[in-house]
Amino acid sequence: MKKQTKKIVSSLMAVSMLLSAGAFAPSSVAQQLFSTTSISAATSAPKTGLWKVAADGLAIRNKATTRNSKRLGLIYGRPYIGISSVVWNGTEWWGKTTYNGITGYVCLSYCEFYHR
């Protein structure tokens, strides 16, 4: 194994042993070790403008409330799309767009901001 990989494995084993011994509250360790860099409510709202779809087959939905809302269509080919407004649903940022004549919302977790 590479030196860096050995260090990571060693660190994970040490954390695992401490957790099983009850040395830390699991939630605090998880928050420290597995913090994400995804868009969250703590960050400022994403910008409107031109976005690049980063997932093939991205759903356009009728509401920005949940991934289970009615799917109006799919976006294939990872095109650039215009986002006219953004909505925080308590979990994720959604952007309002019109694509191929369909107006709805896309989850911005699957898109990358391109420019205003």
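In which strand does G95 lie? To find out, select G95 in this predicted model: the residue belongs to strand β6. G95 is buried, and its relative accessible area is 0%. Display its surroundings next. Beyond the neighbours within four places in sequence, G95 is in contact with I83, S85, V86, G104, Y105, V106 and L108.

Now select the largest nonpolar core, which has 12 residues in all. Its members are W51, V53, L58, I60, I75, I81, I83, W93, Y99, V106, L108 and C111. Colour the strands β1 (49-53), β2 (58-61), β4 (80-83) and β6 (93-99), each of which supplies at least two residues of this core. In soluble globular proteins, nonpolar side chains tend to be buried together.

C111 counts as buried, with 8% relative accessibility. When neighbours within four places in sequence are set aside, the contacts of C111 are W51, K52, V53, A54, L58 and V106.

How many disulfides does a search of the whole structure find? The search returns zero. A disulfide would require the two sulfur atoms to be within 2.5 Å. C107 also counts as buried, at 4% relative accessibility.

Methods
Residues are numbered from 1 along each chain as its sequence is written. This is a predicted model: local features need pLDDT of at least 70, side-chain atom pairs count only at pLDDT 80 or more; totals for chains, interfaces and linings use all residues. Side-chain values use heavy atoms; hydrogens and water are left out. A nonpolar core is a set of buried Ala, Val, Leu, Ile, Met, Phe, Trp, Tyr and Cys residues joined through side-chain atoms within 4.5 Å. Buried means under 20% relative accessible area, exposed over 50%, partly exposed in between (1.4 Å probe, protein chains only). Helices (H or I, at least four residues) and strands (E, at least two) are DSSP runs, numbered from the N terminus. Contact means heavy atoms within 4.5 Å.
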